[in-house]
Amino acid sequence: MTHAPSREETRRAYQRFHARRHRMLLDVLQRHVPERAERGLDIGGGGDVAEMADALRGRFVCELHAVDLDADVALARAKGIAAQRCDIDREALPYPDAFFGLALFLSVIEHLYNPHHVLREIARALAPGGMLVVEAPNAVALGRRFDALAGRNPFEAFNRCNAAHDKLRMEHCAVFYTADEIGALLAPDFDVLECTYCMHTPPAGLAKRVLREAAFRLNPRLADCFFVAARRK
């Protein structure tokens with residue numbers, strides 16, 4: 001009989017899966033945030049930014065704030081983040097205009113019904129010249145192309161996640177984007193400075209790992225996810 005993984009085993013597996021993605025975020029911030037912002041905001045990132053809170057506070061922000069739902073608010077507070085509950089699909093961000101110098105919007109936009117609303121709110125809460133980093137799963141990643149060719153739904157895992165965790169009462173999640181589409185969504189309020197692609201590190205056999213890496217090196221647009229760095233106009 002197999003045993004259920006412990007909380008610590010689950011945490012280590014999460015860290016392994018996201019390690020490259022987290023390093024890429026720090027690299028992007030290093031290029032575009034040369035001086036620490038007084039205040040930074042994480043929009044709905046949950047465990048991602050909680051895992052990286054110390055690195056972010058040490059290098060990029062003095063105060064780290066967050067908005068999220070339910071259990072993720074407690075997770076962020078446990079890491080010393082000033083977190084508040086906010087349904088970003090429907091509610092205004094609970095901050096005054098131009099309050100932040102940096103905003104992180106990581107693996108959230110694909111879960112939203114109304115991304116235009118939250119992007120307007122982010123623009124309002126960011127000071128002119130403030131930085132926004134958006135990260136999202138890549139709609140045209142190599143693995144999703146293979147799933148589609150095999151007759152499988154490329155977004156099935158995300159659908160299951162949303163249904164299991166009641167993500168904004170979404171039963172299905174197929175709102176996936178390319179980096180160019182994210183750039184177009186940002187264009188009214190932001191100047192896009194950089195788009196860069198990244199891979200996760202899922203458990204996989206040697207042949208699959210080699211194929212994934214070769215495809216990524218030949219064509220980064222086949223990567224699992226991407227980051228878009230943009231400056232508030």
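1. In this note, helices (H or I, at least four residues) and strands (E, at least two) are DSSP runs, numbered from the N terminus. The model is a predicted one, in which local features need pLDDT of at least 70 and side-chain atom pairs count only at pLDDT 80 or more, while totals for chains, interfaces and linings use all residues. Residues are numbered from 1 along each chain as its sequence is written, and side-chain values use heavy atoms, with hydrogens and water left out.

2. Helix 6 covers residues 142-149 and includes Leu149. With a relative accessible area of 73%, Leu149 is exposed (over 50%; buried means under 20%, and partly exposed lies in between, with a 1.4 Å probe and protein chains only). Together with Phe146 and Leu211, Leu149 makes a nonpolar surface patch of about 340 Å². Such patches are made of residues with over 30% relative accessible area and no salt bridge, like charges being joined within 9 Å and nonpolar side chains (Val, Leu, Ile, Met, Phe, Trp, Tyr) within 5 Å; the areas come from the Shrake-Rupley method with a 1.4 Å probe, and for residues only the protein chains shown count as cover.

3. What is Ile122 in contact with, leaving aside its neighbours within four places in sequence? Its partners are Ile43, Leu93, Ala103, Phe105, Leu132 and Phe190, where contact means heavy atoms within 4.5 Å.

4. The structure holds 11 salt bridges, each defined as a side-chain nitrogen of Lys or Arg within 4 Å of a carboxyl oxygen of Asp or Glu. One of them joins Glu213 to Arg20, with the closest N and O atoms 2.5 Å apart; because Glu213 lies in helix 9 (residues 206-218) and Arg20 in helix 1 (residues 7-32), the pair ties together parts that are 193 residues apart in sequence. Glu213 is partly exposed at 22% relative accessibility, and Arg20 is partly exposed at 23%.

5. Another salt bridge links Arg21 and Glu135, whose closest N and O atoms are 2.9 Å apart. Since Arg21 belongs to helix 1 and Glu135 to strand 5, this pair ties together parts 114 residues apart in sequence. Arg21 is buried, at 2% relative accessible area, and Glu135 is likewise buried, at 1%.

6. Asp147 and Arg152 form a further salt bridge, the closest N and O atoms being 3.0 Å apart. Asp147 is partly exposed at 22%, and Arg152 is partly exposed at 48%. Elsewhere, Asp97, Glu121 and Arg124 are linked in a network of salt bridges.

7. As for cysteines, a search of the whole structure finds 0 disulfides, a disulfide being a pair of cysteine sulfur atoms within 2.5 Å. Cys86 is buried, with a relative accessible area of 3%, whereas Cys195 is partly exposed at 36%.
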